[in-house]
Amino acid sequence: MGSKWKLLIIRNLLQCPWRFNELKKNLEGISQKVLTDSLRSMENDGLVIRTVYPEVPPRVEYSLSELCLTLKPILDSMVEWGNAYKQM
């Protein structure tokens, strides 16, 4: 969770599962390498689930694990604090 990109990836994945290229297009400024490294790291930490569908061409989707979903109340509190801070 030590990079700004990981929080933004989680923010997107809270909405629904995303494919790699969808994430890359939505996260303006992220490089392919950083996105790949972030997703791999989060998968290894048990925060992201990578699902490969047996299709041609292969389709891969990323979603949040149950463990990562437990962060939602914390992230919601951060959003609430940020909105209150903007209004000061």
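You are looking at a predicted model, where local features need pLDDT of at least 70, side-chain atom pairs count only at pLDDT 80 or more, and totals for chains, interfaces and linings use all residues. Residues are numbered from 1 along each chain as its sequence is written, and side-chain values use heavy atoms, with hydrogens and water left out.

Now switch to a cartoon view. The protein chain has 5 helices and 3 strands, arranged along the sequence as α-β-α-α-β-β-α-α (helices are DSSP runs of H or I with at least four residues, strands are runs of E with at least two, and both are numbered from the N terminus). The C-alpha trace spans about 50 × 30 × 20 Å along its principal axes.

Next, select helix α1 (residues 4-15) and helix α3 (residues 32-44). They pack at an angle of about 75 degrees, with their axes 10 Å apart (axes are lines fitted to C-alpha atoms, for helices over the stretch in contact, and angles run from 0 to 180 degrees between N-to-C directions). The two helices, α1 and α3, are therefore roughly perpendicular to each other, a label for angles of 65 to 115 degrees. Show side chains to see the contact: W5, K6, I9 and I10 of α1 meet V34, L35, S38, L39, S41 and M42 of α3 (contact means heavy atoms within 4.5 Å).

Stay in helix α1 and pick N12. Is N12 buried or exposed? N12 is buried, with a relative accessible area of 1% (buried means under 20% relative accessible area, exposed over 50%, partly exposed in between, with a 1.4 Å probe and protein chains only). Leaving out residues up to four places away in sequence, N12 touches W18, L23, N26 and L27. Across the protein chain, buried residues make up 30% of the 88 residues.

Move on to P57, in the loop between β2 (48-53) and β3 (59-64). Zoom in on the backbone here: the peptide bond from V56 to P57 is cis, with omega near -5 degrees.

For the last stop, select Y85 in helix α5 (residues 72-86). Y85 is exposed, with a relative accessible area of 53%.

Definitions and conventions. Parallel < 35°, antiparallel > 145°, perpendicular 65-115°, else oblique.
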